[in-house]
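These are short notes for someone opening this entry for the first time. Please read them beside the sequence and the model.

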Amino acid sequence: MSESTLAWVAAGVRGVIGAHTQAQDAGRTDDVVALYAPDAVLELPGMDPIEGHDALRESFKAWAPTKPQLHLVTNTVVTSPAEDEATATSDVAFLQRGETGWAVQLVGHYEDTLRRHEGTWRLHRRTTTFQ
């Protein structure tokens with residue numbers, strides 16, 4: 001794979017991860033769901049896997065912010081890049097603003113598999129762990 005293709009894959013993957021974070025923190029449920037493939041799976045600690053657009057929409061709607069929040073996603077490393085599939089590993093810190101200011105609520109890790117779906121990068125599987 002050429003360096004320009006590797007850069008294109010990495011930019012596409014990081015773009016999806018960033019768009020997901022921005023949309024989730026703004027409570028734009030439909031925008032979040034649109035970043036997932038129709039058969040995508042979201043795995044969270046202590047929960048059954050969430051599969052498909054309908055279940056994802058229901059979950060993200062229930063998690064819509066009721067006060068300001070930020071997912072700070074960093075240290076994203078794109079691994080196993082190919083023209084149609086890639087994996088990425090990221091660290092995440094979740095903050096909420098309360099009466100006394102911003103506070104870290106949790107720290108975790110994302111393991112993402114993304115695939116090109118109809119010409120656009122989409123999340124196919126996200127596994128989240130908390131630390």
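1. The largest nonpolar core has 23 residues, and Val13, Tyr36, Leu42 and Leu56 have the most contacts inside it. Such a core is a set of buried Ala, Val, Leu, Ile, Met, Phe, Trp, Tyr and Cys residues joined through side-chain atoms within 4.5 Å; buried means under 20% relative accessible area and exposed over 50%, with partly exposed in between (1.4 Å probe, protein chains only). α1 gives the most, with 6 residues.

2. This is a predicted model: local features need pLDDT of at least 70 and side-chain atom pairs pLDDT 80 or more, while totals for chains, interfaces and linings use all residues. Residues are numbered from 1 along each chain as its sequence is written, and side-chain values use heavy atoms, without hydrogens and water.

3. Helix α3 (residues 52–62) buries Gly52, Leu56, Ser59 and Phe60. Down the axis of α3 these fall within an arc of 95° (taken from the directions from the helix axis to the C-beta atoms), so they line one face of the helix. The face turned away from the buried side carries exposed Asp54, Glu58, Lys61 and Ala62. Helices (H or I, at least four residues) and strands (E, at least two) are DSSP runs, numbered from the N terminus.

4. Leaving aside neighbours within four places in sequence, Tyr36 is in contact (heavy atoms within 4.5 Å) with residues including Leu56 and Phe60 of α3, as well as His20 and Arg126.

5. The lining of the largest pocket divides into 13 nonpolar residues, 7 polar and 1 charged. Here Ala, Val, Leu, Ile, Met, Phe, Trp, Tyr, Cys and Pro count as nonpolar, Asp, Glu, Lys and Arg as charged, and the others, Gly among them, as polar.
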